[in-house]
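Keep the viewer open as you read.

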Amino acid sequence: MMGLRATLKRGFDRVERPLDRLFGPDWNPLANLGPLGWLMFWIVTATGIYLFIFFDTGVINAYQSVKWLSETHWIHAGLARSLHRYASDFLVLLMLIHLVREWAFDRYRGRRWFSWITGVPVIWFVYMSGITGYWLVWDELAQYVALTTTELLDALPFFAEPIARNFLTPASLSGRFFTLMVFLHIAIPLLLLLMMWIHVQRITAARTMPPRGLSVLTLAALVIVSYAMPAVLQGPADLATFPVTVRLDWFILGLYPVIDMVPPSVIWTGALLFTVLMFGLPWLPPRKDSGAAEVFLDFCNGCTRCEADCPYTAITMVPRTDGAPFPQEALVDPERCVACGICMGSCPSSTPFRRSGPLITGIDLPDRPLKQLRDEVIAASDGPGDGRVMTIACEHGAANVPKQGRVILPCVAMAPPSLFDFILSRDLADGVCIAGCAERECYNRLGARWTEERIARTRDPMLRERVPRERLLTVWAGPSEQARLERDIHAFSERLTTLTPMPGKRTLEPDAVEDAE
């Protein structure tokens with residue numbers, strides 16, 4: 001399974017790279033699957049409300065009203081119906097790709113289980129919303145869907161009388177059925193919206209809309225497709241006959257031919273096993289996460305930077321408990337903390353320049369404290385030479401292979417800006433390469449953004465003005481871009497040899513670490 005996941009991850013990375021060049025990293029569709037899914041939901045909702053204005057519930061009136069809006073008023077109501085159809089299909093496609101991609105990038109296990117688990121009901125609600133929508137049209141396809149679905153439901157021991165018998169003759173079906181279906185087609189999407197909201201509750205600043213340009217481009221593409229290939233209205237339903245040939249929507253109704261051929265007990269068993277498997281995947285196998293971040297109150301002034309920078313809402317500010325002259329302190333929820341280290345990089349006390357006392361910061365990772373990080377940086381130094389580059393790398397990017405001159409972190413935002421200053425001022429390297437994961441999407445959501453803003457001095461903690469920017473290189477590269485990363489580092493090293501040596505550098509040998517504390 002690990003090999004398949006690694007293959008899929010590299011495959012996604014290779015596919016996304018040309019999309020970066022075509023759309024730009026911010027507009028890359030595969031990096032905006034979740035936000036695009038939200039956009040599709042709102043398009044479906046808006047067009048559904050508009051279509052309801054023209055829709056008439058009733059055994060005969062339902063089909064006639066859909067035909068009227070599709071043909072007579074095709075320029076606006078027909079467009080809305082086609083948008084409703086294609087946006088629903090696109091939502092299904094986005095949802096399935098998003099599911100596979102999150103699995104491939106291993107962002108569903110450990111303390112990230114919540115988003116995965118709450119996403120499973122979303123799958124079923126999306127399909128139920130689409131199926132009930134097809135019933136309302138009441139054409140031959142709707143008749144086929146209604147018969148197949150009710151026969152499947154009748155296999156469950158929950159109904160006193162068979163539902164399918166409502167579709168045996170025209171006289172057995174009343175307008176109340178369509179009223180019920182309209183109610184279901186409204187209630188189920190409302191439950192879907194609730195689950196989508198719950199789905200993002202453990203995510204800081206969750207993106208529920210794609211960039212404006214990508215939204216406009218996507219909507220324009222859907223409009224063009226809707227006019228070029230309008231949603232097909234098949235012949236009217238006739239309960240006196242059984243539709244022999246229907247044109248399926250393979251995105252929403254793709255399994256219906258299987259339902260026709262396989263006994264209902266097998267279908268329900270398969271659906272149950274699939275659901276159980278999806279719920280159990282975060283623990284198959286379980287992932288051993290690093291220890292959650294720890295707060296050291298002697299060094300915490302309650303500045304709220306760690307709370308603001310945490311991508312997973314794992315940190316909250318609570319009233320002070322140690323009597324210190326500060327109103328609040330940071331509190332870490334170990335069930336939400338993924339040990340990305342971003343909080344450590346945001347803490348103003350995270351400085352490797354400490355000259356007295358132990359090197360402890362206000363918030364630290366127990367398995368990778370700041371002192372250990374400083375020791376690793378010193379040990380990674382290549383020693384005297386020209387054009388030496390120290391790489392501070394993300395373990396999810398191109399620089400994920402250990403080598404001399406490289407320190408690999410859970411996220412590059414774990415490194416406080418003062419660490420780059422420390423490397424240069426202590427002559428551990430002539431330049432620092434900050435090699436994060438792909439620019440289109442940070443594995444830990446906000447790490448790349450926070451790192452860039454800290455270096456640009458627009459976010460605390462800021463990089464000191466004394467640090468020469470020409471000695472810093474940022475490279476955002478995915479796991480399949482090792483060659484580009486090496487080229488960039490080599491060119492950076494060549495440039496460093498042409499720069500004037502930095503004044504006032506101090507040499508710090510590895511065995512002199514304790515003297516610096």
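Tyr50, Phe54 and Trp68 form one aromatic cluster; rings of Phe, Tyr and Trp (its six-membered ring) pair here if their centres lie within 6.5 Å, with planes under 30 degrees apart counted as stacked, over 60 as edge-to-face and the rest as tilted. The model is predicted, so local features need pLDDT of at least 70 and side-chain atom pairs count only at pLDDT 80 or more, while totals for chains, interfaces and linings use all residues. Residues are numbered from 1 along each chain as its sequence is written, and side-chain values use heavy atoms, leaving out hydrogens and water.

The ring rule gives 13 aromatic pairs. In one of them, Phe54 and Trp68 have ring centres 5.9 Å apart and planes at 50°, so this pair is tilted. Phe54 belongs to helix α2 (residues 33–54) and Trp68 to helix α3, so the pair ties together parts that are 14 residues apart in sequence. Helices (H or I, at least four residues) and strands (E, at least two) are DSSP runs, numbered from the N terminus. Phe54 is buried at 18% relative accessibility, whereas Trp68 is partly exposed at 38%; buried means under 20% relative accessible area, exposed over 50% and partly exposed in between (1.4 Å probe, protein chains only).

Next, look at Phe353 and Phe422, an edge-to-face pair with 5.4 Å between centres and 75° between planes. Phe353 lies in the loop between α12 (342–346) and β4 (363–364) and Phe422 in helix α14 (residues 417–425), so the pair ties together parts 69 residues apart in sequence. Phe422 is buried, at 1% relative accessibility. The charged end of Arg466 sits over the ring of Phe353, 5.7 Å from its centre; the rule asks for NZ of Lys or CZ of Arg within 6 Å of the ring centre and within 35 degrees of the ring normal. Likewise, the charged end of Arg5 sits over the ring of Trp103, 4.8 Å from its centre.

Now for helix packing. Where do α3 and α4 meet? Val66, Leu69, Ser70 and Glu71 in α3 meet Trp74, Ala77, Gly78 and Arg81 in α4, contact meaning heavy atoms within 4.5 Å.

Finally, visit Val145 in helix α6 (residues 140–153). Val145 is buried, with a relative accessible area of 0%. Setting aside residues up to four places away in sequence, Val145 touches Ile131, Trp135, Leu253 and Tyr256. The C-alpha atoms of Val145 and Leu248 are 9.6 Å apart, although 103 residues separate them along the chain.
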